[in-house]
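User: I have not looked at this one before. Can you take me through a few of its features?

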Amino acid sequence: MPLPGSAVPRATCRHRIADAGWAADAEKIRGFDMVSKPKFDKAKFKESIESNLRMLYRKTVREADEQQLFQAVCYTVKDTIIEKWMETQEVYEKEDPKTVYYLSMEFLMGRALGNNLINLCEYKEVKEALDEMGIDLNVVEDQEPDAALGNGGLGRLAACFLDSLATLGYSSYGCGIRYRYGMFKQQIRNGYQIEIPDDWLREGNPFELRRREYKKEVKFGGFVKVETGSDGRNHFVQEGYQSVMAIPYDMPIVGYGNGIVNTLRVWDAEPVECFQLDSFDKGDYKKAVEQENLARNIVEVLYPNDNHYAGKELRLKQQYFFISASVQEAVEKYMRKHDDIRHFADKNIFQLNDTHPTVAVPELMRVLMDDYDLSWDEAWEVTSHTCAYTNHTIMSEALEKWPIELFSRLLPRIYQIVEEINRRFCLRIQEKYPNDQEKIKNMAIIYDGQVRMAYLAICAGFSVNGVARLHTEILKKRELKDFNEMMPKKFNNKTNGITQRRFLLHANPLLADWVTDHVGPEWITDLPKIHGIEVYAEDKKAQNEFMNIKFKNKERLAKYILDHNGVEVDPRSIFDVQVKRLHEYKRQLMNILHVMYLYNKIKRNPNMDFYPRTFIFGAKAAAGYRNAKLTIKLINSVADVINNDASIGNKIKVVFIEDYRVSNAELIFAAADVSEQISTASKEASGTGCMKFMLNGALTIGTMDGANVEMAEEVGEENMFIFGMSADEVMEHERNRDYNPMDIFNRDQEIRDVLTQLINGFYSKDDPERFRDLYNSLLNTLSTDRADTYFILKDFRSYAEAQEKVEEQYRDKKEWARKAILNVAAVGKFSSDRTIQEYVDEIWHLDKVVLPKKPASTGRK
């Protein structure tokens with residue numbers, strides 16, 4: 001690690017490091033020399049770019065702007081992808097493999113161009129071709145907006161899973177919504193989060209294909225008419241409804257080096273009748289565009305604010321919209337090749353990514369019974385062998401529920417089916433537990449005026465999995481205990497994972513190069529092979545190389561922070577990072593309270609020995625989540641005070657990175673020294689950010705929660721900074737209700753000083769009461785509800801002690817390097833490739849597909 005004042009070459013490009021001393025062979029690690037593939041036709045590639053510029057913009061390379069160059073490059077790369085995409089579909093058509101439909105409200109894909117080039121194993125060749133044309137690939141990549149199809153860990157997990165499914169050679173579709181504006185684009189104004197539309201489609205998405213030939217009608221509202229057919233059976237017909245047309249847009253999911261291209265299918269909504277001219281001519285302008293507005297609203301934003309009735313209704317519409325379209329198409333696709341719908345489950349799996357897609361259960365029942373005339377028992381046999389459910393939350397209040405009035409009015413036929421599922425399920429409960437009304441209360445799908453979607457998914461699914469071992473055990477023993485007792489064979493664990501191809505190979509080429517130089521390239525598709533670097537953890541030369549790579553990544557991030565925040569941070573300081581969705585259980589509040597605590601200590605003792613620390617935050621808060629948004633304001637207010645206090649000599653800097661997303665996350669993970677994984681034990685289902693930091697050589701400070709538990713088993717607790725109560729201790733306090741944060745407030749002067757600063761104007765001179773709600777949430781002086789729900793004060797001293805150990809350890813650079821290398825060496829378990837293979841082996845039972853070797857070409861035909 002360079003010492004303060006040492007001359008270190010600065011990164012020369014905006015997005016990736018291009019320092020010749022370290023990157024001479026950087027491209028080889030991206031898989032270019034590792035996969036047998038047809039020779040890249042550089043001349044044809046250049047010719048295609050020039051042709052695209054002429055056709056799209058009537059421009060030459062010299063005349064085109066950066067966005068136009070980006071579009072031209074993407075369309076050229078798309079030609080190669082299309083060829084492989086068609087080859088993949090031809091093989092699927094011939095071999096008829098079992099297919100998993102991964103149903104998810106969100107897919108946080110990140111930028112597509114760089115990832116596609118890496119998985120095509122053509123990054124080096126494309127970069128060289130563009131260099132010869134005077135085009136900087138880094139600049140081209142920076143023109144691409146992140147696809148606004150997701151927000152948090154749920155969506156990023158889905159994206160990693162699609163990458164792994166394609167790389168491992170399994171037939172799959174991701175199914176979701178083509179949001180026009182995503183959740184929102186975050187701006188920070190005067191320290192507050194401001195939500196503005198994320199207009200990611202403004203310039204178009206060059207990699208998507210509009211597939212109008214597969215459009216589907218989706219119906220809302222109306223009533224259900226029962227007719228008796230000539231066969232004597234009842235037939236259910238929905239009448240008086242409103243409907244929209246679901247139009248699929250397909251995006252390619254390129255497998256790494258194997259020629260497989262799977263599909264992410266996202267549905268856009270269009271009116272059945274675009275414009276009612278007769279209503280317009282009569283002056284009824286609202287009715288004239290009614291159908292268009294209905295369609296537009298469904299796909300405008302991800303997770304509309306549901307603090308009001310209209311928001312709840314829109315969320316349910318969104319869920320049914322993409323599920324109905326996806327289920328209809330999956331069934332029709334199957335029937336194009338088969339003649340007996342009763343064997344549908346032999347070739348198809350619907351994996352429900354959390355509770356949002358649970359309407360797939362009654363929708364599949366509806367299609368099977370109403371469109372294909374199956375009996376209830378036949379339809380249930382198919383449905384209960386098709387649907388599998390992944391639970392992503394421990395907190396019971398986060399398990400999705402819908403008011404009966406809303407659900408039955410918006411989806412009348414679906415509600416009828418849910419009622420019947422519930423009736424039959426309650427009979428099963430009564431048979432197993434006679435006269436036990438408590439079981440009905442705890443397990444019924446419809447109860448207390450609500451439709452409980454998680455319970456529907458558990459009842460109908462043939463598999464129910466958690467996403468980390470601790471999470472699964474808590475579900476089985478506490479949150480879903482009754483279900484586990486009744487149907488224990490359904491429950492299983494699949495610990496989450498991440499794709500190393502995006503979060504190391506693409507995001508951190510220097511470290512990826514270093515790993516490949518030491519253990520070879522096999523880790524790219526077999527991450528446990530990275531364990532081979534463990535033998536270098538004690539090697540001084542390797543330690544120095546590793547820390548210099550980290551330093552250059554910190555320089556890169558420091559430049560990003562200077563450009564975007566106007567704050568100069570020292571890459572020689574400890575980069576202490578917490579980036580994730582903002583929720584109270586994730587305890588960003590505890591982190592910033594600790595920063596305030598450290599600042600107070602330095603102010604009291606200006607000469608204290610303190611290793612400089614840069615605290616980096618990044619998070620979006622849901623638009624209606626007041627305390628989360630107030631926490632963002634607090635972080636920025638603390639930053640304003642500390643960053644402008646010359647008396648502390650830059651010992652602390654605080655940065656909030658605006659609009660946290662995949663593309664800037666790649667910079668952050670590569671640069672972090674310390675990974676903050678500090679959720680209240682028992683609250684985090686898994687977490688995958690911890691894995692991305694670990695993969696890039698950050699050391700974790702965290703509780704024994706979620707995936708942290710399994711990380712500690714892999715790398716050893718001595719190579720992490722573990723603090724706080726255990727999950728059992730937290731749950732014991734919750735059961736006994738015996739925790740009073742006021743006791744800590746009364747006896748701990750330093751904690752009292754920090755909390756008092758929330759309400760005395762220290763960080764809000766213009767409004768001393770600004771952070772009163774945060775203060776009250778910790779001490780609850782105005783309510784009878786439990787205070788400090790997430791045990792921030794209870795864990796604070798343990799957290800502060802762990803942070804002292806961080807500083808002490810970082811002073812010993814060799815020991816820090818050793819532990820960082822050991823963390824990377826131990827990350828092998830946490831690849832999404834491993835997770836997907838477990839799904840395949842234990843739940844889905846898919847058939848691996850291998851494409852025949854064919855020469856490929858690049859360029860338009």
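User: What volume does the second largest cavity have?
Analyst: This is a predicted model. In it, the second largest cavity has a volume of about 60 Å³.

User: Which residues line the second largest cavity?
Analyst: Its lining is made of Tyr101, Tyr173, Cys175, Arg265, Trp267, Ser326, Glu329 and Lys333. Strand 2 (172-177), strand 10 (261-271) and helix 11 are the elements that give two or more residues to that lining.

User: Which element gives the largest share of that lining?
Analyst: Helix 11 does, with three residues.

User: And how does the lining of the second largest cavity divide by class?
Analyst: It has four nonpolar residues, one polar and three charged.

User: How many cavities of 30 Å³ or more does the structure hold?
Analyst: There are two cavities of 30 Å³ or more. About 70 Å³ of space lies in the largest cavity.

User: What lines the largest cavity?
Analyst: Lys580, Lys586, Gln677, Ile678, Ser679, Glu684, Ser686, Gly687, Cys690, Asp705, Gly706 and Asn708 line the largest cavity. By class, that lining has two nonpolar, six polar and four charged residues.

User: Back to helix 11. At what angle do the axes of helix 10 and helix 11 cross?
Analyst: The axes of helix 10 (residues 290-299) and helix 11 (residues 309-335) cross at roughly 85 degrees, and they come within 9 Å. Helix 10 is therefore roughly perpendicular to helix 11.

User: Why give both an angle and a distance?
Analyst: Because two packed helices are described by the angle between their axes and the distance between the axes.

User: Which residues meet between helix 10 and helix 11?
Analyst: From helix 10 there are Leu294, Asn297, Ile298 and Val299, and these meet Leu314, Lys317, Gln318 and Phe321 in helix 11. The residues of this contact divide into five nonpolar, two polar and one charged.

User: Over how many bridges do strand 13 and strand 15 pair?
Analyst: Strand 13 pairs with strand 15 (residues 450-452) over three bridges, in the antiparallel sense.

User: And what stands opposite Trp402?
Analyst: Val451 in strand 15 stands opposite Trp402.

Methods: Residues numbered from 1 in each chain as written. Predicted model: local features only at pLDDT ≥ 70, side-chain atom pairs only at ≥ 80, totals over all residues. Heavy atoms only, no water. Axes fitted to C-alpha atoms, helices over the stretch in contact; angles between N-to-C directions. Helix = DSSP H or I, 4+ residues; strand = E, 2+ residues; numbered from the N terminus. Parallel < 35°, antiparallel > 145°, perpendicular 65-115°, else oblique. Contact = heavy atoms within 4.5 Å. Nonpolar A, V, L, I, M, F, W, Y, C, P; charged D, E, K, R; others polar. 1 Å grid on protein atoms, 1.4 Å probe; cavity = no way out; pocket = protein on both sides within 12 Å on 5 of 7 lines; lining within 4 Å. Points joined across faces, edges and corners; volume = space filled by probe spheres on them. Pairing = 2+ DSSP bridges.
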